Amino acid sequence: MRMLILCLAAVAGFAQGPALPERLRDLAASPRFARVHLGVHVRDLDTGRTVFAWNADKGFVPGSCAKLFTCASALCGLGPEATFRTSVAAAGPLGADGTLAGDLLLVGRGDPMLLARRNDGPWRPDPLEALADQLVRAGLRRVRGDVVGDGRWFRTRPWGSGWEIQDRAFAYGADVSALTVHDNMVDLRIYPGPAPGRPCFLFPQPGLGLLPLANRTATGPGPAIDLAWEGDTLVVTGALPPGAPPLTLAVPVRNPEAFAARLLRRSLERRGVQVDGTARAVRDSDPTPGRELAGLDSRPLKDLVRATLKASNNLYAQLLLLQQGRSEAAGLAAERTFLEAAGIREGVILEEGSGLSRKNLVAPEALTALLATLDKRPEGPAFRAALPLAGVDGTLQARMGGSAAVGRVAAKTGTLRFTHGLAGYAEGPGGTRLAFALLLNGDPAPDAREVLDRFVLLMAETAP
């Protein structure tokens with residue numbers, strides 16, 4: 001009988017094929033990775049044992065997988081329900097007749113979704129309009145000074161350490177500010193003019209009429225549309241053919257504090273509030289804001305983390321790092337304290353919060369240690385719910401669709417030039433719960449993402 005059982009077990013094992021570690025090893029050792037740098041670590045969340053490791057203790061550029069450290073530290077350090085308040089404060093007395101004898105300051109405290117460019121949650125009114133309504137209800141009728149955008153809450157430059165100069169020209173490198181509106185971008189819609197040779201029509205949203213534009217375009221054949229900044233003025237050149245569909249470009253805004261102030265001033269003027277001065281950004285000599293006249297709290301931090309990870313938003317991630325210390329250095333120090341308390345003392349070198357720096361280094365086993373830590377913490381459900389789902393949403397919406405990974409894999413992507421990453425949670429056959437990290441550096445091949453997906457599909461399909 002014993003021999004029969006052993007024979008049946010052997011047949012069953014043969015029918016199932018190689019176990020997960022062997023299949024992962026075969027894939028990692030394939031010639032496909034002979035000239036690149038690959039790191040893999042897979043951890044069983046219930047037993048803590050390592051299922052598979054390949055260069056797991058070596059440092060790799062993680063790309064946006066670095067956001068996992070930022071968001072985990074923020075959730076655990078500040079709490080999932082933490083909120084951040086945007087205020088409108090008076091820099092002078094408000095008279096009985098509704099006249100403010102001084103400036104009106106719009107004070108940002110790092111809410112990344114004050115006016116979200118993409119709203120993936122419940123609809124909410126335009127917050128600048130809502131603040132203007134509050135101000136009118138508070139009795140404001142005239143501002144004798146300026147409307148001032150105040151981003152002094154964070155002590156930071158408009159970019160993260162290690163971000164490259166060309167990053168700031170694109171939407172993924174938008175300026176970092178404690179006063180952030182519409183992701184510090186405008187969507188510039190460009191329509192061909194009514195006749196050849198006529199300028200194209202330019203419609204920035206939000207802020208039509210508020211963004212300084214130099215329109216040097218033409219309707220007709222010619223070079224493609226090009227954008228450049230001259231100070232705070234956006235210069236648009238190039239051409240669109242007659243009858244062409246409109247072109248929409250995401251344009252990072254220079255001086256986002258002044259842009260936010262312009263939006264608030266317009267909202268006030270729509271309500272009949274007279275503003276004698278201009279709309280501008282704060283100067284070092286401006287006074288500390290006085291009495292709050294209006295204010296809005298952000299969404300709970302768990303929602304901000306979800307928006308950060310699902311869309312891999314660099315600006316949001318850097319703001320969440322700054323929330324932990326009000327400067328980049330202090331935020332990184334808070335993050336290191338969190339990691340050390342979790343027993344993660346090696347394998348993590350980060351100099352900003354988004355992963356956009358090419359100087360970050362992370363070991364795959366440090367990523368799975370982070371994932372295992374969150375799995376056991378009360379913040380874990382909020383953290384996991386923020387991750388993109390394979391074949392469903394976020395940056396994984398178009399990946400692994402129709403496979404065993406759908407509904408069973410939640411993971412963060414990471415992409416820079418020649419750099420690819422994927423780290424998160426996978427459920428294997430029989431309910432096996434895995435944490436995994438895949439980091440691939442120096443790979444210019446167009447199928448790099450698909451190759452990483454093969455590792456994940458093995459985890460979803462194969463018993464350990």
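User: Which strands does helix α11 lie across?
Analyst: Helix α11 (residues 448-461) lies across β1, β19, β20 (419-427) and β21 (433-441), and runs at about 15° to β20. Helices (H or I, at least four residues) and strands (E, at least two) are DSSP runs, numbered from the N terminus. Axes are lines fitted to C-alpha atoms, for helices over the stretch in contact, and angles run from 0 to 180 degrees between N-to-C directions.

User: And what should I know about the model itself?
Analyst: It's a predicted model, where local features need pLDDT of at least 70 and side-chain atom pairs count only at pLDDT 80 or more, while totals for chains, interfaces and linings use all residues. Residues are numbered from 1 along each chain as its sequence is written, and side-chain values use heavy atoms, with hydrogens and water left out.

User: OK, back to those strands. What's the order in the sheet of five strands?
Analyst: The order is β2-β1-β21-β20-β19, an open sheet with antiparallel pairing. Two strands pair if DSSP finds at least two bridges between them. β2 (50-54) and β19 are at the edges with a single partner strand each, so one side of each has no neighbour in the sheet. Neighbouring strands here are turned by 5° against each other on average, direction ignored.

User: How many bridges join β1 to β2?
Analyst: Four bridges join strand β1 (residues 37-44) to β2, and the two run antiparallel. For Val42, the bridge partner in β2 is Phe52.

User: What about the sheet of three strands, what order does it have?
Analyst: That open sheet goes β4-β6-β14, with parallel pairing. β4 (99-100) and β14 (274-275) are the edge strands, each with a single partner, so one side of each is left without a neighbour in the sheet. Two bridges join β4 to β6 (residues 142-143), and Thr99 has Arg142 as its bridge partner in β6.

User: Switching to helices: at what angle do α3 and α6 pack?
Analyst: Helix α3 (residues 67-78) and α6 pack at about 175°, with their axes 10 Å apart. α3 and α6 are therefore roughly antiparallel (angles over 145 degrees count as that).

User: Which residues make that contact?
Analyst: α3 brings Lys67, Cys71, Ala74, Leu75 and Leu78, while α6 brings Leu301, Lys302, Val305, Thr308 and Leu309. Contact means heavy atoms within 4.5 Å.

User: Now pockets. How much space lies in the largest one?
Analyst: About 760 Å³. A pocket is an open set of points on a 1 Å grid over the protein atoms alone, where a 1.4 Å probe fits, with protein on both sides within 12 Å along at least five of seven lines; lining residues have an atom within 4 Å of a point. Volume is the space filled by probe spheres set on the points, which are joined across faces, edges and corners.

User: Last one: where is the cis peptide bond?
Analyst: The cis bond joins Gln205 and Pro206, with omega about -5°. Pro206 is in the loop between β9 (201-205) and β10 (213-219).

Terms used. Angles under 35 degrees count as roughly parallel, over 145 as roughly antiparallel, 65 to 115 as roughly perpendicular and the rest as oblique.
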